[in-house]
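Here's a quick briefing to read alongside the model. Have a look at the chains first, then work through the notes below.

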Amino acid sequence: MEKVYLSIVLAPLIGSIIAGVFGKQVGRAGAHWATIIGVAISCFLSAIVFNQIVINDGETFNGAVYTWLVSDGIRFEVGFLIDELTASMMMVVTFVSLMVHIYTIGYMKDDPGYQRFFCYISLFTFSMLMLVMANNFMQLFFGWEAVGLVSYLLIGFWYKKETAIYANLKAFLVNRVGDFGFLLGIAAVLMYFNSVDYADVFAAAPDMANLTVQIIPGLDWNVMTVICILLFIGAMGKSAQVPLHVWLPDSMEGPTPISALIHAATMVTAGIFMVARMSPMYELSTTALSVVLVIGAITALFMGFLGLVQNDIKRVVAYSTLSQLGYMTVALGASAYAAGVFHLMTHAFFKALLFLAAGSVIIAMHHEQDIRKMGGLKKYMPITYWCMLIGSLALIGTPGFSGFFSKDAIIMAVGESETPGATFAYLCVLLGVFVTALYSFRMFFLVFHGKERMDHHTKEHLHESPGVVTLPLVLLAIPSVFVGAIAVGPWLFGDYFGNAIYVAEQNDVLARIGEGYTGVMGFILHGFVTPVFWLAAGGVFAAWYLYMKRPDLPGKIKAQFGGIHRMLDNAYGADDFNDKVFAAGSRKAGSFLWKFGDVKGIDGFIVNGTAFGVGKVASMIRHLQTGYLYHYAFSMIIGLLLLVAGILIYA
Amino acid sequence: MANVSFVMPNFVPAIPEMFVLGMACAILILDLFFSDKDRVVTYLLSVATLVGAAILTIALSTDTRELTFNGSFVRDPMGDVLKVFIYVVTAFTFIYSRRYLEARGLFKGEYFVLGLFGVLGMMVMVSAHNMLTLYMGLELLSLSMYAMVAFQRDSLKATEAAMKYFILGALASGMLLYGMSLIYGMSGSLDLAEIAAYVALNNTNVVLMLGLVFAIVGLAFKLGAVPFHMWVPDVYHGAPTSVTLYIGTAPKIAAFAMVMRLLVEGLGDLHHQWQDMLIVLAVLSIALGNVIAIAQTNIKRMLAYSTISHVGFILLGILAGTENGYSSAMFYVVVYTLMSLGGFAMIIMLSRAGFEADKLDDFKGLNDRSPWLALMMLVLMFSMAGVPPTVGFYAKLSVLQAVVQVELVWLAVYAVVFSVIGAFYYLRVVKVMYFDKPDDTTPLEASMAERIVISANSLAMLALGIFPAVLMQLMVIR
Amino acid sequence: MELFIFYAFAAVMIGSALAVITVRNPVIAVLFLVLTFFTSAAIWMLMEAEFLALTLILVYVGAVMVLFLFVVMMLDINISVLREGFVKNLYVGIPVALIIVAELITVVGVKNFGFEKFAAPVPHGPDYSNTKEIGRVLYTDYVYAFELAAVVLLVAIIAAIALTMRRRPDSKYQDPAKQVLVQRKDRIRMVRMAAEKKKSD
């Protein structure tokens with residue numbers, strides 16, 4: 001089995017190398033075939049693993065493939081931990097990635113960086129698999145940084161575009177903040193547990209539950225809380241939680257397949273996955289769970305609001321991603337890890353679908369992304385229309401669609417939860433449902449229905465996208481509808497995850513909900529009587545009323561509540577705040593330190609001083625090498641003399 | 001007359017040695033019949049000899065230790081690994097040298113024959129289990145090297161270097177021999193096992209220690225440790241680059257083997273005494289090598305000083321005196337050999353008829369002239385400086401770990417400080433390659449074979465850095 | 001008596017060894033070296049190593065040193081250049097030499113090598129053959145080292161030939177093969193010239 005796991009990881013890497021290094025030789029077709037075959041192999045083998053581990057309930061695999069180095073008894077290894085959680089993630093990652101690969105052939109058809117692009121996305125698949133399959137913190141960190149790197153490269157893929165460069169710099173900097181916390185967390189793990197292996201750490205974690213540490217003298221902090229919050233800071237960066245969310249909307253500067261693959265379906269969920277993986281640690285600290293819960297709730301609601309005022313089709317979907325990531329985080333905070341991961345999976349499918357559908361619209365519109373300039377596209381692109389509709393219905397949680405099961409479960413779990421902050425979170429997620437429905441259908445109506453607002457030239461060329469684009473849409477639409485119904489029973493209420501996820505007895509909200517669970521149909525029927533459904537329906541209705549029935553109303557509302565609109569339009573001023581306080585502040589501090597610390601102190605005294613000193617010494621000793629043979633012989637004799645003298649004195 | 005009985009020794013373990021000797025003699029004779037334009041056959045045969053020897057060595061390799069020739073020859077896993085690396089490195093040397101020698105009218109059969117005899121000398125040293133064989137192997141190697149350095153007869157620099165090398169080498173040999181004779185005088189045996197048995201009982205004997213000092217002087221000279229290093233820069237600089245490539249690489253492996261055989265196998269119980277001496281040598285080598293290299297403008301001299309500092313690191317591993325230390329030193333010596341092979345080879349690649357490319361300035365703007373070669377050089381320089389993820393980093397790390405394990409933390413800190421200073425001159429090469437404009441834009445003449453070999457060489461530094469265990473598991477001492 | 005002979009030869013040996021490096025004339029220095037070898041051969045003889053003693057005289061004194069002498073005489077070395085700086089460096093050289101000698105004496109002295117440590121070897125009978133003994137170990141126990149010594153000599157020959165044998169382009173020598181193969185057209189060129197030069201103006 002080990003070989004299979006290794007092949008799953010390496011197949012995309014090999015594809016990536018072929019496309020990247022030999023791109024010129026293999027040509028465009030060679031590049032996409034190499035990478036697609038690599039990912040397809042991965043996907044197929046993942047399905048086998050999924051079948052074996054999950055469906056046939058096989059043994060969990062935990063083993064090292066390669067020991068990189070052993071230092072002071074701590075082993076740094078490359079190893080795999082394959083359990084239900086990992087197998088599910090592998091399935092999602094490779095499937096979505098495969099779809100995106102195929103879709104890319106159509107989307108990037110005319111781009112000069114075709115091979116480079118395939119190289120990157122395959123490399124991303126490799127990194128993401130390394131991340132989810134890791135059995136230790138070091139490999140997790142490797143995958144974490146590798147996906148970050150590829151994401152950075154891809155946001156700035158069109159490196160001649162000013163905004164793209166700005167966006168990838170921003171993503172890079174914001175993620176640095178998160179990664180710093182993450183790295184500190186791993187360092188703390190290493191310090192207290194003396195191991196980076198998951199199994200060792202989780203086994204030892206309960207004994208550490210009451211250990212305290214004084215980081216600021218006189219203030220006792222629980223070690224587990226500190227570790228968990230530090231790790232969560234990393235998750236906040238990667239999964240774009242408030243206040244480290246600012247990079248995600250800007251990341252839409254990258255090509256659309258990337259937005260689908262990296263910034264919606266997989267990479268941004270790495271944080272969620274990581275917290276679920278670390279559940280044995282999070283369960284030991286109520287404080288940490290509470291932090292997770294509140295941050296998630298804020299993200300879920302307030303990022304949803306921002307979706308209401310966006311006009312760029314991709315940014316609407318991006319804010320919806322932020323808000324959905326908030327939902328997942330809330331689930332984690334409420335100890336409903338299974339629900340969080342479940343939402344992660346369903347979201348991966350329907351959000352990838354939404355992005356790719358948006359991409360399809362963008363192709364048809366000749367790379368025009370403003371929804372105010374669209375409308376009535378339904379008759380031109382029927383496949384895209386239906387796929388987008390399915391995606392939107394899944395997103396807002398229409399009973400029966402996949403998103404419904406996961407989202408409803410999260411909301412119920414939060415309602416049941418007793419973690420501090422749960423009431424606030426419950427209100428946030430409920431209200432969030434309405435907002436989600438409103439912005440989703442606002443976009444949907446503006447794009448596909450109503451007046452055709454595009455210019456004449458574009459209109460003439462409007463047609464459905466080619467097969468390589470629509471095929472992935474259809475293939476993604478299928479799980480977006482059905483996967484929830486199929487999986488809800490075992491995932492949430494059954495023993496699906498086995499020992500992969502640990503939930504403490506008193507926190508097990510899903511078990512409490514599960515007592516009332518009466519099968520899929522019962523769940524759907526129950527869905528119609530909850531406030532959730534009516535809120536969603538209200539949202540759709542509001543969207544219809546405002547944008548189809550009375551298109552003049554939004555303008556009036558905007559004028560009436562100008563202040564609020566401006567605030568939303570500026571995304572609560574987070575970017576301005578960051579620019580003015582952090583960026584300008586650090587620039588000032590930087591230039592101060594540069595002038596006084598670096599130029600005078602370090603450069604002048606330490607670096608140049610040392611360099612000067614060493615150089616001086618070097619040119620002085622250099623003269624020992626006179627070139628005279630007898631000097632050389634003499635130096636040997638002196639050496640001998642001193643060694644003999646040493647040994648005589650010593651003896 | 002005393003009844004003399006003679007038992008035929010077991011020749012099997014020595015088959016690779018006999019093969020190399022036979023082939024060297026055969027090539028020597030065959031070469032007479034070739035005209036200059038067929039000389040390439042000599043070259044191909046020499047490389048084939050090394051390949052054949054490698055196959056034989058690997059085929060005969062077992063996990064056990066075999067003694068033959070009345071205890072004067074030993075074949076063990078450590079020896080097999082070292083020998084195979086010697087063949088590989090020498091074969092690479094030959095491949096790199098070809099174009100360089102042809103361009104200078106030095107493409108003669110003697111170069112390869114002497115090279116093969118040198119390899120035989122190294123093999124004898126690696127497999128020696130008797131002070132006499134150890135010494136014979138050393139002389140065989142040294143004699144070949146003296147002649148190779150002087151090979152370019154019309155070059156004043158080369159002749160001067162050969163003269164210095166020969167005289168100093170003779171002096172060092174004399175000291176080594178004196179040390180060996182003292183040890184023999186006390187223990188009454190030349191056999192390393194018997195010496196070890198004697199030393200175990202008499203480890204405070206002052207005469208033995210004196211013998212030890214002289215032996216160490218001889219060893220330190222061969223390795224090029226300060227203050228017995230003076231020949232290194234002059235010889236590396238003066239010799240034709242292809243010969244520098246030869247003497248700067250594989251013989252270090254043999255010298256390491258000699259240290260292991262004599263100090264560890266023979267005089268292991270004097271560990272306490274030789275540890276202190278090696279500390280002195282290592283401390284001086286690391287400091288002097290790294291510092292003086294900074295002041296060099298000739299890249300061959302710079303690499304010579306870098307060799308001295310690397311030798312310091314190898315000594316660090318040996319002086320730890322633990323199994324871990326020995327295997328990390330072995331790892332280091334192999335890695336060092338591969339790195340300096342690439343480094344010197346790069347000088348050869350840039351050179352052409354009448355132009356040596358051994359100045360730092362000759363590397364200016366290499367990135368503009370050949371981005372791939374510049375990248376390969378960058379990897380090599382990073383590896384020498386010990387920048388992760390290259391294997392140079394891992395080699396340094398494992399040696400330092402061994403030192404820390406025996407509680408010589410100050411030594412580890414000291415070594416780290418000086419390797420940081422040393423990183424300067426390696427990075428300067430990188431800076432020159434990437435940020436300066438080339439003075440000389442003549443197209444590079446390096447052949448395809450050279451390019452492939454150097455790429456394999458450099459990429460191996462990277463690959464082994466990521467998977468060091470592949471190499472590390474070969475480094476078994478006993 | 002034996003002791004007296006030993007000390008006499010030892011004294012001569014040390015004296016002549018010193019003379020090798022101090023006398024001004026290199027020819028005399030070589031002759032002193034011969035004397036040193038000779039006396040040490042005598043001392044070996046005292047230790048019953050007749051074979052080695054005779055070999056030393058035959059090979060070194062008889063062959064090597066004579067060759068050496070020829071070389072020294074032919075090269076006509078300028079002594080004054082060689083000895084330049086000899087006195088100047090003496091200030092450093094003598095103390096260093098003395099320290100090393102002192103160090104060596106403390107170790108390799110009577111304390112460690114006296115009769116208490118090593119009993120004098122028992123003399124062998126008249127029918128004992130040293131030569132046979134050496135031959136026996138040389139071709140059995142030390143056959144490996146012996147063969148290696150042969151290889152070392154081979155390398156020395158190759159090295160010497162490779163470094164000295166050169167075909168200098170300016171040296172003149174006859175090649176009979178070429179002489180035989182030569183043809184008329186290689187040597188003679190027929191030139192047609194005008195019978196009389198036109199008068200130039």
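Ala357(B) sits in the loop between helix 14 (323–350) and helix 15 (366–369) of chain B; helices here are DSSP runs of H or I with at least four residues, numbered from the N terminus. Keep in mind that this is a predicted model, where local features need pLDDT of at least 70, side-chain atom pairs count only at pLDDT 80 or more, and totals for chains, interfaces and linings use all residues. Residues are numbered from 1 along each chain as its sequence is written, while chains are lettered from A and ligands numbered from 1 in the order in which they are written.

- Ala357(B) has a positive phi near 55°, and with 19 C-beta neighbours inside 10 Å it counts as partly exposed (buried takes 20 or more other C-beta atoms within 10 Å, exposed 12 or fewer, partly exposed is in between; C-beta atoms are placed from the backbone).
- Ser335(A), in the loop between helix 14 (313–333) and helix 15 (337–364) of chain A, has phi near 70°.
- Ser335(A) counts as buried because it has 30 C-beta neighbours inside 10 Å.
- Val242(A) and Pro243(A) are joined by a cis peptide bond, with omega about 0°.
- Another cis bond links Pro388(B) to Pro389(B), with omega about 10°.

**Helix 13 of chain B**
- Gly321(B), which follows helix 13 of chain B, has a positive phi near 70°.

**Chain contacts**
- Chain B puts 30 residues in contact with 25 of chain A (C-beta atoms, placed from the backbone, within 7 Å).

Note on methods. Contact = placed C-beta atoms within 7 Å. Helix = DSSP H or I, 4+ residues; strand = E, 2+ residues; numbered from the N terminus.
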